[in-house]
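Dear colleague,

I am handing over the structure below, and after it I set out what was found.

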Amino acid sequence: MAQAPVLPRGFELPLEPRLPRIGSVDQVAVEERAATLGKRSIKREAKLWALDLAIRTIDLTTLEGSDTPGKVAALCSKAVRPDPVDPSIPSVAAVCVYPNLVPVAVERLRGGAVKVASVATAFPSGQAPLDVKLAEVRDVVEAGADEVDMVIDRGAFLSGRYAKVYDEIVRVKEASGSAHLKVILETGELGTYDNVRRASLLAMAAGADFVKTSTGKLPSAATLPVALVMLEAIRDVYEETGRMVGMKPAGGIRNAKQAVQHLVLVHETLGPDWLTPDLYRLGASSLLNDVLLQIRKERTGAYQSPDYFTID
Amino acid sequence: MSRLPVRKTYKLFVGGAFPRSESGRTYEAEGQNVARASRKDVRDAVRAARGAFPKWASMTAYNRGQVLYRLAEMMEARHAELADLCSGASEVEQAIDRVVWYAGWADKLAQVLGSSNPVAGPYFNFTVPEPTGVVGVLCPEEPALLGLVTRLLPPLVGGNAVVAVASEARPLAAVELAEALATSDVPGGVVNILTGLKRELAPVLAAHMDVNALDLAGADGDVAELERAAAANVKRVVHGAADGQSPWEVLSFLELKTVWHPIGV
């Protein structure tokens, strides 16, 4: 087993015997707190600031079986210049595509600030042999991906084989080299908040640069309470060790209001240091258009129509 | 023993439901406290209309006519209540007759307003009317019921979804009509009725980029300013008469689409 990065007391590995010590999550309290923070009223200048930040932290994603090089090229253009008529709108943080389309995205985004992220490790199920997963990771890094989004093996996690999950993350981290590693927990399949906390700490212990909620392939994805549980795990690691791990909620964030709620959650849990694309990402596809629409509404004062924004 | 009186709260009609104004405000009209809609209520109403529009527009014209006829039936059942809230029984009867009249037009509009055009070439060339989309209507102040029905039915029968701002001084008939609408098989969101101050709601509706046509029948104050705001997304602007009844009223809210189809292919 590889050497674990430094972790809070009680979080050292192997994890199994120590699981009771990482604490459990108070379901009622976490849902109540997430709901309360979700009700914060963010208006006018603060809203514009939040919407600008939301765009800068978006991982603009397309993960469809029907993705083509043409669609990815269009996505890349949109990532660089989200609103063709408004140069004051910043670029998004990254585009996120399937491994086969990484070369297209790399070609399109060469020389710019927008990064290329790719899902790997038998996304979205993660149910493939480790060799296959590692080969996929090496391939996407070789093709030029700056960031790798891996999925954990939920089957192993739910049957209590935490060491297998841990080892896989460590091996993938090695294989991804200098590329940033985001670890997808797929919280919709983990069942409980306790499991979400456990999986978050496990992923951080194994060397994740980011923890990410979901693949976006399940109906239940980046809910506010789940995001809060993960953010609190990140905070616990930071307070004990000083290590800053990033967070990426993904899946189900479709409108600007939800995005702002997530940003409020981060600000209240981890503070403004995390409100940067280096430590926070929003995985989304349709969110970007709604944010653009809300920005134009704030600036012009008139309610806007999706007719005047690109279809994607 | 005397009963506790059950008083009525006069609310908005948005998306098939009866919400209070999101602002919680009311204003006094006809001796009652009536919901005073805010710009966010306009936003919600337009969103509801936009959501309901595709289904209403794609219904067969015959089916739309049937649904509107049922609206007349529901108004007939509320004859007495409506009469109390407008100038009397004769206004209600006129309004009901007008609904029936427009209901009958639903499946005849394409024949009368559309055409088959003679062209120099091997083509069938025909023109068909299609609904414009979401229509904002500023209802006339008077007559309270007939004015509303007169401006509401033309966009409705053509397959548009409507956001109507009721008469400011006489809004109760509109609220009563909303209750008839809610039981009439008109899908929720196809008609949305807001009560409140026109000077507050009209500019928001006129500037809303997701509204495709605007009927200024009941606009007061700076009408030119409303027209200017409506130009931002090239809304169709109509100055409807408070008492018009004609298929040409419907045409104001229809787009005529012309198709060239090659013959013999």
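I begin with helix α8 of chain A, in which the residues A:Y193, A:V196, A:R197, A:R198, A:A199, A:S200, A:L201, A:L202, A:A203, A:M204 and A:A205 are buried, a residue being called buried if 20 or more other C-beta atoms, placed from the backbone, lie within 10 Å of its own, exposed if 12 or fewer do, and partly exposed in between. The helix is thus mostly covered, with eleven of its 13 residues buried. The helices (H or I, at least four residues) and strands (E, at least two) named here are DSSP runs, numbered from the N terminus.

Before going further, please note that this is a predicted model, in which local features need pLDDT of at least 70 and side-chain atom pairs count only at pLDDT 80 or more, while totals for chains, interfaces and linings use all residues. Residues are numbered from 1 along each chain as its sequence is written, and chains are lettered from A and ligands numbered from 1 in the order in which they are written.

To return to α8(A), which covers residues 193-205, the helix reaches 18 Å from its first C-alpha to its last, close to the 18 Å expected at 1.5 Å a residue, where the expected span is 1.5 Å times one less than the number of residues. Its buried residues pack against α1, α6 (154-158), α7 (162-176), β5 (180-184), β6 and α9 of chain A, contact meaning that the C-beta atoms of two residues, placed from the backbone, lie within 7 Å. Just after this helix, A:G207 takes a positive phi of about 110°.

Helix α10 of chain A, residues 256-269, can be described in a similar way: its 14 residues should span 20 Å at 1.5 Å a residue, and the end C-alpha atoms are 20 Å apart, which agrees. Its buried residues are A:A256, A:Q258, A:A259, A:V260, A:Q261, A:H262, A:L263, A:L265 and A:V266, and what covers them includes α1 (27-38), α2 (44-56), α9 (224-241), β7 (246-248), β8 (282-284) and α11 (287-300) of chain A. Just after α10(A), A:G271 takes a positive phi of about 90°.

As for chain A as a whole, its secondary structure comes to eleven helices and eight strands. Its radius of gyration is 19 Å, close to the 20 Å that the globule rule gives for 312 residues, so the chain is as compact as a globular protein of that length; the radius is taken over C-alpha atoms, and the rule is 2.2 Å times the number of residues to the power 0.38. Buried residues make up 50% of those 312 residues, and among contacts between residues at least 6 apart in sequence, 74% join residues at least 24 apart.

The eight strands of the chain A sheet lie in the order β7-β6-β5-β4-β3-β2-β1-β8, and this open sheet is parallel in its pairing, two strands being paired if DSSP finds at least two bridges between them. At the edges stand β7 and β8 of chain A, each with a single partner strand, so one side of each is left without a neighbour in the sheet. Within the sheet, β6 (residues 210-212) and β7(A) pair over three bridges, with A:V211 opposite A:M247. Strand β3 (residues 115-120) of chain A and β4(A) pair over four bridges, and A:A120 stands opposite A:M150. Strand β4 (residues 147-151) of chain A has five of its five residues buried, so it is largely enclosed by the rest of the structure; A:E147, A:D149 and A:V151 point one way from it, and A:V148 and A:M150 the other way.

In chain B, three strands form an open antiparallel sheet in the order β3-β4-β10. Three bridges join β3(B) to β4(B), B:N117 standing opposite B:N125, and in the hairpin of these two strands, which has five residues between them, B:G121 takes a positive phi near 160°. Strand β4 (residues 123-131) of chain B pairs with β10(B) over nine bridges; B:V128 stands opposite B:K257, and the bridge partner of B:P131 is B:L254.

Lastly, the contact between the chains takes five residues from chain A and eight residues from chain B.

With best wishes
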